[in-house]
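Please keep the sequence and the model in view while going through the points.

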Amino acid sequence: MTTSRDTSSDITLLSAAAAVDAIERGELSAGELFEAYRAAAAGDELNAYLWVADEAPAPAGQDAPLRGVPLAVKDLFCTEGVPSQAGSKILEGYRPPYTATVVAKLAAAGAPLLGKTNQDEFAMGSSNENSAFGPVLNPWDRARVPGGSSGGSAAAVAAGSAPWALGTDTGGSIRQPAALCGIVGLKPTYGTVSRYGMIAFASSLDQAGPLTRDVTDAALLLKQMVGHDNRDSTSIGFPGEIELPRSGSLKGIRLGVPEELSGAGVGIEGGVLDAFNATLKLAESLGATVETCHLPHAPHALSAYYVLAPAEASSNLARYDGVRYGRRVENGGLVGMYTKTRSEGFGREVKRRIMLGTYSLSSGYYDAYYGRAQRVRTKIADDFRTAFAEFDFVVTPTAPSVAFELGAKTSDPMSMYVNDYCTVPMSLAGIPAISIPNGLSDGLPTGFQLCGPAFSENRMLEAAYALEQATGFEATGARIHA
Amino acid sequence: MIDREQVLHVARLARLELTEDEVARMSAELSDVLGHIEKIGELDLDGVPPTTHVVEVSNALRPDEIEPSLPCEVALANAPAVAGGGFLVPSPQADADPS
């Protein structure tokens, strides 16, 4: 074994789609690929993994469409017999008796579980610093955060210790870490992917999606994820099939640039805005039209989100009471036990959000906060509908800044929350959105976000693919630093 | 502005016990966040229907047929304490303040 990186023989440099092809042609063995990734994941120095498989599970059949290319999975997906703690101490020792539908579907499609990835506790955070198991480091610069909450999944894919990964997105938790780590992250239309077995944060917003090295890999993974599930009563499925992007054409595509999310005075970092504007120019040169559009209520999306998501969380997290699973701390009687268990088991940000949600739902405040936020949500969805009458896609920078330094924003919740400024509106509207790598600013990755109407995933993937081909960004760049 | 008394009230509703330091910090942080959130109070939302869910799915029903479910011992395997095929909890009567 040689210690230097030999790009011609390092099979972990293949994209997932290329690995699938190589296995199909008999040039690569699935077992060898799994072992290469298992070794990379076990040797991970970024704290991206909370658990790594000892050995490849029984092959799901070399004929399965994903051919045995292994998958890293965010900790909050329940996986039978495997630690699934959602990054929280309150679920200490929890090994679920069942597997999340999407994880089971992907295993059956030939993507076996490689490991469970670190995350912000219960997916609450934008930096991965809220994990009970320590922060994840950004492979581009280990003094910086990878973004969150799917920070472990993003860092693992960027650093090359996973070919692809599953994440969840409630207000940006796939797209923002994808942007900060220089990879692709896609949040599907709400309802296309089953939520069964996903440890819940805010049920009306949570949606699983792929984090990958390129757009083709995102399409390949998403294709096997979508589908109606009887066990998720808000599940819809996807009309038709997800197709792999091929054309790479932007001719005649109308891109709307919302002033409210990318204009002057919004607070987007200069370098991020420059990279965004350069890509808009590139899109025009490829035949797209680029015009300013308006989402008048988008500036209020963050406020509505930070009412609705904590309100749903305060209800969802009521189940952690020391009775059925996880940690229990005895303290006198029943209420004493509940209270002590929760106070010792939850981290600071989770407590803050439970408090915020409980307050906004409490008697006397419900109409002023929760009721109003639900009406703002209606207006935001209407804004998008209006925009999509004129434009094929609305595009924005994914995050307002590049990856920031560890600890830089932990003392001020509001400064952390504004990281979601450009991603929350799409979550509230339930529409699909993708972040693709958009070049560097000061040596760190930036993201370009496209969103379209509900179920426009195939068109969105085509447009993202066209931009990806034109920008020519190599997601494997993070490895130089990792 | 959320004062100390409101923080304690909400913490009690949420079954959280906060230290004095946490109460002070929570009061300041929640006040700051709510200060931003209150901007939605300026919007004219008269006659706008609320959105509880973006997806129009109502009464998702399936045939009422018996399907296999988790065996009792598997469902109880993660519980901190069990007895007689159920979850065992401390007695509510042992609470100093049972509210």
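**Notes on chain A**

1. **Contacts along the chain.** This is a predicted model. Take the contacts in chain A with a separation of 6 or more: 75% of them join residues 24 or more positions apart.

2. **Overall form.** Chain A has 482 residues and a radius of gyration of 21 Å. A compact globule with that number of residues would come near 23 Å, so the value agrees. Along the principal axes, the C-alpha atoms fill a box of roughly 65 × 50 × 45 Å. The secondary structure comprises 16 helices and 11 strands.

3. Of the residues of chain A, 67% count as buried. Chain A carries 39 positive and 51 negative charges, and their mean positions lie 6 Å apart.

4. **Cysteines.** How many disulfides are there over all chains? The search of the whole structure finds zero. For A:Cys78, the closest cysteine sulfur belongs to B:Cys72. A:Cys78 is buried, because its relative accessibility is 3%. For A:Cys451, the closest cysteine sulfur is in A:Cys293, at 8.6 Å, and this too is too far for a bond. A:Cys451 has 0% relative accessibility, so it counts as buried.

5. **Helix H4.** Look next at residues 151-159 of chain A, which form helix H4. Is this helix mostly covered or mostly uncovered? It is mostly covered, with nine of its nine residues buried. Among them are A:Gly151, A:Gly152, A:Ser153 and A:Val157. Alanines are in the buried set as well, including A:Ala154 and A:Ala159. Just after H4(A) comes A:Gly160, with a positive phi of about 85°.

6. **A:Ala283 in helix H8.** Helix H8 of chain A covers residues 270-285, and A:Ala283 sits in it. Why does A:Ala283 count as buried? Because its relative accessibility is 0%, and buried means under 20%. Which residues does A:Ala283 touch, leaving out those up to four places away in sequence? They are A:Leu250, A:Leu255, A:Ala288 and A:Leu467. A:Gly430 is 147 residues from A:Ala283 along the chain, and their C-alpha atoms are separated by 26 Å.

Notes
Residues are numbered from 1 along each chain as its sequence is written. Chains are lettered from A and ligands numbered from 1 in the order in which they are written. This is a predicted model: local features need pLDDT of at least 70, side-chain atom pairs count only at pLDDT 80 or more; totals for chains, interfaces and linings use all residues. Side-chain values use heavy atoms; hydrogens and water are left out. Helices (H or I, at least four residues) and strands (E, at least two) are DSSP runs, numbered from the N terminus. The radius of gyration is taken over C-alpha atoms; the globule rule is 2.2 Å times the number of residues to the power 0.38. Buried means under 20% relative accessible area, exposed over 50%, partly exposed in between (1.4 Å probe, protein chains only). Contact means heavy atoms within 4.5 Å. Lys and Arg count as positive and Asp and Glu as negative; His and the chain ends are not counted. The place of a charge is taken as NZ of Lys, CZ of Arg, CG of Asp or CD of Glu. A disulfide is a pair of cysteine sulfur atoms within 2.5 Å.
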